[in-house]
Amino acid sequence: MDKTTRKLLAVATLLLFQFPVFNGINAQGILGGHVTGNVQIDGQFSRRDTTIGSSDVPEKLLSNARADILYTNGNFSAGLRYEAYLNPMLGFNSQYTGQGLANYFVSYKTQTFAVTAGHFYEQFGNGMTLRAYEDRYLGLDNAIRGISVSYRPWNGITLKGLVGQQRYYWDTRGLVRGLDAEVSLNDVVTSWAESKTRLTLGGSFVSKYEGDETILSDVSGYKLNLPHNVGAASVRMDLSHGGFGLQAEYARKGQDPNIMNNYIYKNGDALWLSASYSQKGLSANLQAKRVDNMGYKSVRSVSGEMLYINYTPAITKQHTYAFLSMYPYATQSTGEMGLQADFMYKFKKETALGGKYGTDIHLNASLITGLDTTVIGGKGTDGYTSTFFGTGDTYYGDISLEVAKKLSSKLKLTATYGYMLFNPVIEGHEGDIHHNHILVADLTWKINRKNVLRFEAEWMGSDSKYDAAIDDKRAGDWIMGLVEYNFTSSWFVSVSDQYAYNDGIGNYYNISVGYTKNATRLQLGYGKQREGIICIGGVCRQVPASNGLTFSLTTSF
């Protein structure tokens with residue numbers, strides 16, 4: 001534990017035991033507050049399997065564990081998180097190896113003012129200038145350790161400011177400063193208070209500081225003159241009227257040569273648009289975005305998913321079924337353009353298409369391409385130019401139609417068709433675009449109040465073929481079956497199998513058993529995990545193959 005950590009813990013302890021007065025208000029005894037928390041322990045045994053490519057684990061057992069404790073008393077709160085990776089499970093970076101206090105904070109909040117010292121998470125707008133967040137399943141945590149302040153001088157106006165360093169496994173790196181302002185005009189302008197039209201405007205500015213380092217240009221003998229301070233700014237709007245909504249955000253970043261863009265000096269920018277309409281039984285949404293050189297990290301030479309300051313929103317559907325999510329899309333912060341349309345409609349009961357119970361349909365389509373660029377130089381130059389509306393190679397595209405219908409009071413069927421285009425270049429591989437057709441049937445039988453049986457069948461036909469040189473084990477044609485039984489409201493058992501029956505490789509079976517009592521859940525699983533990539537919100541990590549036992553224990557109090 002470093003010196004700064006020990007000091008912050010000492011301050012937190014002092015506040016807990018010596019907190020009689022804050023701003024003239026007696027705290028009524030800080031120990032009379034409320035303590036909550038949660039614990040999660042995940043473990044994994046894996047053995048060698050040459051067919052799927054899994055290797056022996058030298059330590060036999062891998063585990064990720066964490067415990068979060070939160071103390072609240074009126075306006076005051078404090079929390080800490082202890083983490084242990086002994087050793088990290090497959091797919092998590094080995095730099096997590098170890099254990100210790102990974103997150104701690106103290107906070108005081110009123111209706112107009114809030115301050116947090118220690119670790120905190122924050123997002124400005126859609127995150128295109130700043131998004132500090134955690135996703136434990138991706139092994140990603142870019143929390144900021146420092147000071148965060150929020151102030152509401154008048155109703156409808158919120159001002160935020162922060163400064164700190166980002167978490168980097170068991171260390172902190174970089175220096176990030178940020179300001180954000182948001183104004184709800186309906187709250188500020190008295191005559192607009194009762195208007196059906198609602199308008200909120202916002203803007204943010206974020207900067208990072210980083211010292212100099214030696215990076216050579218493409219011209220032998222020349223060292224790059226690196227900017228020590230790099231700023232990014234954005235403006236945003238949220239407009240609604242009745243069932244209509246329109247949101248927009250534009251961000252721009254200064255010269256930021258880094259490992260992601262091969263140390264070029266081109267400015268970055270991003271535009272995100274969303275238009276929506278909803279009423280009872282119907283919703284429609286259209287999204288568009290353009291991203292150009294918007295990779296923004298607090299340390300220019302770090303690759304991977306750690307130390308990102310910002311986030312570019314994903315506009316592809318986050319599929320849940322196995323084959324629809326087999327080729328997830330990873331947002332290309334160096335440059336992409338995209339469109340997504342989403343439509344949901346419910347046919348009413350007692351109509352020709354609705355039947356006795358009604359019918360729900362969900363149609364979604366998306367297309368992502370590269371930018372239309374012209375290379376003008378390499379490292380140490382602006383790198384390339386791009387046309388704003390021009391498009392480059394197709395990266396990803398999919399369309400899916402889901403129909404959900406209750407067949408009886410006990411049976412519900414969901415049927416899905418999906419068509420997908422996937423370009424291996426977004427994962428750093430060569431090869432032709434994959435074309436996949438996917439069919440899914442999901443039948444749920446509610447036997448009684450405590451017993452539910454679910455059947456799932458999936459098929460994927462693909463023009464991709466397994467190539468040992470590339471070793472992409474998703475290739476080929478696949479079938480899958482799953483049976484899941486929930487009984488007594490506490491137990492569940494699930495059996496599934498995914499099999500590459502043509503032009504592919506692998507047979508991936510899994511058996512899972514789970515038990516839940518009150519706030520505690522225990523799950524055991526045995527089977528094979530295919531090597532691949534998992535993505536959440538356009539942020540992805542590589543998952544290696546495994547063959548063995550997994551377990552998970554979660555509880556809260």
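Let me begin with tryptophan 192, which is partly exposed at a relative accessible area of 37%, where buried means under 20% relative accessible area, exposed means over 50%, and partly exposed lies in between, with a 1.4 Å probe and protein chains only. This is a predicted model, in which local features need pLDDT of at least 70 and side-chain atom pairs count only at pLDDT 80 or more, while totals for chains, interfaces and linings use all residues. Residues are numbered from 1 along each chain as its sequence is written, and side-chain values use heavy atoms, with hydrogens and water left out.

Tryptophan 192 sits in the loop between α2 (185-188) and β15 (197-209), where helices (H or I, at least four residues) and strands (E, at least two) are DSSP runs numbered from the N terminus. Leaving out residues up to four places away in sequence, tryptophan 192 touches Leu185, Asn186, Arg198 and Leu199, a contact being heavy atoms within 4.5 Å.

Now the chain as a whole. Its secondary structure comes to 2 helices and 32 strands. The radius of gyration is 26 Å, close to the 24 Å that the globule rule gives for 557 residues, so the chain is as compact as a globular protein of that length; the radius is taken over C-alpha atoms, and the rule is 2.2 Å times the number of residues to the power 0.38. Of the 557 residues, 43% count as buried, and among contacts with a separation of 6 or more, 58% are between residues 24 or more positions apart.

What, then, lies in the largest nonpolar core? It has 30 residues, of which Phe323, Tyr396, Met460 and Trp478 touch the most other members; by a nonpolar core I mean a set of buried Ala, Val, Leu, Ile, Met, Phe, Trp, Tyr and Cys residues joined through side-chain atoms within 4.5 Å. The elements that give two or more residues to this core are β18 (268-279), β22 (384-406), β23 (411-422), β24 (434-446) and β26 (477-487), and β26 gives the most, with 3 residues. Phenylalanine 323, not counting residues up to four places away in sequence, touches Ile438, Glu458, Trp459, Met460, Trp478, Ile479, Met480 and Gln498. Apart from this core lies another, of 12 residues, among them Phe120, Phe124, Val230 and Tyr296. As background, nonpolar side chains in soluble globular proteins tend to be buried together.

Let me turn to the backbone. The peptide bond from leucine 86 to asparagine 87 is cis, with omega near -15 degrees, and asparagine 87 is placed in the loop between β5 (76-85) and β6 (98-109). Tyrosine 169, although not a glycine, has a positive phi of about 60 degrees; it lies in the loop between β13 (157-168) and β14 (171-184) and counts as buried at 8% relative accessibility. Tyrosine 263, in the loop between β17 (244-253) and β18, has a positive phi near 55 degrees and is buried, with a relative accessible area of 8%.

Which residues does arginine 300 contact, leaving aside its neighbours within four places in sequence? Tyr263 is one of them, and the others include Glu210, Asp212 and Glu213. Arginine 300 is found in the loop between β19 (282-292) and β20 (335-347), and is buried at a relative accessible area of 4%.
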